[in-house]
Amino acid sequence: MTTLETSTPLTVESSGQPARRAASPGRVAFRQFLRSPSGVCGACLLIVIILGTAIGPVVYPVDPLDLVGGPFTPPSADAWLGTDYLGRDVLAGLIYGGRASLAVGAVAALITIAIGLTVGALAGFFGGAIDAALVKITEFFQILPPLLFAMVLVTLFGQKLTTITLAIGAVSWTSAARLTRAEFMRLRNLDFVKASRAAGAGDAYLMLRVLLPNALPPVIVSATLAIGVAILFEGGLSFLGLGDPNTMSWGLMLGQNRNYVLDAWWAVIFPGTAIFLAVLSISLVGDGVNDAINPRLRRRM
Amino acid sequence: MSIRRYLLLGAIGLFAICTTSHRSIAQTASSNAAVIATTQVPRHFNGAVQSGLATAMPSSQIFASPLRYDDNWNPQPYLAQSWDVAPDGLSVTLHLVKNAVFHDGQPVTSEDVAFSIMAIKANHPFQTMLAAVEKVDTPDPSTAVIRLSHPSPSLLLAMSPALMPILPKHVYGDGQDLKAHPANLKPIGSGPFKLTEYKQGEYYTLEKFDKFFMPGRPKLDKIVVRIVSDPNAALVSMERGDVNILPFVAGVRDIDRLQKASNIVVTDKGFAGVGPLNWLAFNTKKKPLDDVRVRQAIAYAANRDFIVGKLMSGKAAPATGPIAPGSPLEEKAVDSYKVDYAKAAELLDAAGYPKGADGSRFGLTIDYIPGADEQQRNVAEYLRSQLKRVGINLEVRAAPDFPTWAQRVSNYDFDLTRDTVFNWGDPVIGVNRTYLSSNIRKGIIWSNTQQYSNPKVDELLQAAAVETSPEKRKALYSEFQKIVVKDVPIYFINATPYYNAFSKGLGGLPTSIWGMMSPLDEVHWETPPKT
């Protein structure tokens, strides 16, 4: 945030080099992203994980809910990563569970950003009574402890993967809303916005075409990080026994097998590692994106 | 002396008090006393108006009852030194011991027995237990005659310590509501131990009653019952020897751990009376489960052997019928539904549910009691994979808490559910409720929530309830069990693996049919624990 507030004078300063303006902002950001080693590492890791869950079922067609052997079979030629307390294949669980976990993360992050952008944009653009009301609502959601609130929602509406996804989205949109609101409030009084308005632009046009593109960069970073947070959230809910028992996910594997960690460490360590790597890679990518679209850092490099 | 010095002295004094009181609790392990740890929190100590393990354990120590039982279902004299059942079965005469007194010194008389029996009939949740009792006559202070409207062979089991505590009429007969009587928390009975201290939700102390009517008993001077909310903490205390008795252990892994400990003896004896059963219940009024062939097919696909052998690690006894293993009335010769996928498929085809193009026939849901994952959730998940083999898609419905599950099941909003139900000794007390068509009562959990109704079963249960000849009664119950197993309103899986753990060195262990819910007056240290 603080870095972005100084962006305007900085661009003015560097505007003396017209050659740099030739590339589109997206391509510049991408090139910048490639220069961040941690971001590239994260992206590679993430691609491997996504490919694994996408192609995995073709290569290893085992139903994660089926019993393939006796309970607590250690990793062996038959079950590469062993079986859990019922005799379900841990590797199949990782592959299919990864799909569910990543899907929950992505969809929950989308919900988070969608609600956050809408509320933040309306509040920041109109100000006054609308702003006051929306900020009050945001604050109401913000003071509820997110995990407890999500637990209540899941308990009320049933332990289904869709409910869990919606619940995660519903409890974590507040920071995105505040971020967007701050950006809109900062931008709406700048000269180019006033110029657009003077040229006859309506509210909708101003919000969507003028303000939104300029407010997006920090929101994109926050959205990337929200995916990781949502995956962790799903893991936390499952760990507390509030997962969807009919859909294998990494969190569910962890939550159900933790009682048997002394009998079958493999059923806990592998999904735990998977969550760790997925969240780590997403965070690294988020950092890389932040570096790439943050003008002050760009200049420093 | 300066103020500072006063404060210092005070602090030392406080420290001394803290350390001595700490020592007094620790000492109980070394003197002639035993420490019990339990996760069960008693609402109060009066078993006359409250069922359940939490109250029954202390209530059986504090209150004596007319009879007690050995480990082979034989009644033994207790407050009644002898008893006669009239040839027509319509009255039971109890001849009471003459030297029994309550903890406050008053003698136990037939008046107290009469008062208690009528109080239990009026207040105890098990309404069928004493339904036959009309009144109790008291011709003299040591004779009580129980008059019955019809013969009631289950009455003798109902006189067990866990079910028929004899209350002092001069304390509880003051006209106050018995369910909320103040003396329920400060009980006065005639049992081997008296309650001396209760710290709500933390611990209670039972001390030897010097004037207990059985000579030489109880053998322990003191029993401290620590209420531990975390089962794991109780387990660790048991392993370390801080706790001498850990009752009602049900976790397969916990049992395993205790069995491996060198200083602990673990036994599954002492639960025959409770008769806990784990089963899979069907909503027999809901399609497609209203077809007996569908229920039988599910039973053939379920594979009891795997559940008992693998999921329960062989710690549980397999159960094949509605009367728990260990009861003399259990009928072993019933169809055991040995796993047979071909037969299951055949039955489903015959019932008109052929496999669809995707290999599935229909979908069902399965519920389970939350909280005991090993006994409940794991089996539900296992059944999902098993039923998939025969084309039934089972969806596991988790319930966040017990009331949610009970609400669903008792309002018939379920297809299949896992359940744990106790037999409570005689079928009349704990079995009939599940199968009598007159007990299909919406909203009440552990009634006939399967909505199972078979006139022949109703008839058999009613006949057996009043049959005085033990042989004929057994024959009636065995026919009942064969019919129920064939009708499959419930697929019986196993006896809940309950175990009691004791420190090595303790003798006179409670291995009778009521186990820890019988008087612990014979428990003693053969080799006292090292201090």
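Biologist: What makes the radius of gyration of chain B agree with that of a compact globule?

Modeller: In this predicted model, chain B has 531 residues, a number for which a compact globule would have a radius of gyration near 24 Å, and because the value for chain B is 25 Å, the two agree. Along its principal axes, the C-alpha trace of chain B spans about 95 × 65 × 40 Å, and buried residues make up 48% of the chain.

Biologist: Why are H9(A) and H11(A) called roughly antiparallel?

Modeller: Helix H9 (residues 174-187) of chain A and helix H11 (residues 203-239) of chain A pack at an angle of about 150 degrees, with their axes 9 Å apart. Angles over 145 degrees count as roughly antiparallel, and therefore the two helices, H9(A) and H11(A), are described in that way. As for handedness, H9(A) passes H11(A) in a right-handed crossing.

Biologist: Which residues in H9(A) and H11(A) meet?

Modeller: Residues in H9(A), including Leu179(A), Phe184(A) and Leu187(A), meet residues in H11(A), among them Leu211(A), Pro218(A) and Val219(A). By class, this contact of H9(A) with H11(A) has eight nonpolar, four polar and one charged residues.

Biologist: How many residues of chain B are in contact with chain A, and which element of chain B gives the most?

Modeller: On the side of chain B, 11 residues are in contact with 12 residues of chain A. Helix H11 (377-388) and strand E15 (392-397) of chain B are the elements that give two or more residues to that side, and H11(B) gives the most, with five residues. By class, the side of chain B that touches chain A has four nonpolar, two polar and five charged residues.

Note on methods:
Residues numbered from 1 in each chain as written. Chains lettered and ligands numbered in written order. Predicted model: local features only at pLDDT ≥ 70, side-chain atom pairs only at ≥ 80, totals over all residues. Rg over C-alpha atoms; globule rule 2.2 N^0.38 Å. Buried ≥ 20, exposed ≤ 12 C-beta atoms within 10 Å, placed from the backbone. Contact = placed C-beta atoms within 7 Å. Helix = DSSP H or I, 4+ residues; strand = E, 2+ residues; numbered from the N terminus. Nonpolar A, V, L, I, M, F, W, Y, C, P; charged D, E, K, R; others polar. Axes fitted to C-alpha atoms, helices over the stretch in contact; angles between N-to-C directions. Parallel < 35°, antiparallel > 145°, perpendicular 65-115°, else oblique. Left-handed = near helix turned anticlockwise from the far one by under 90°.
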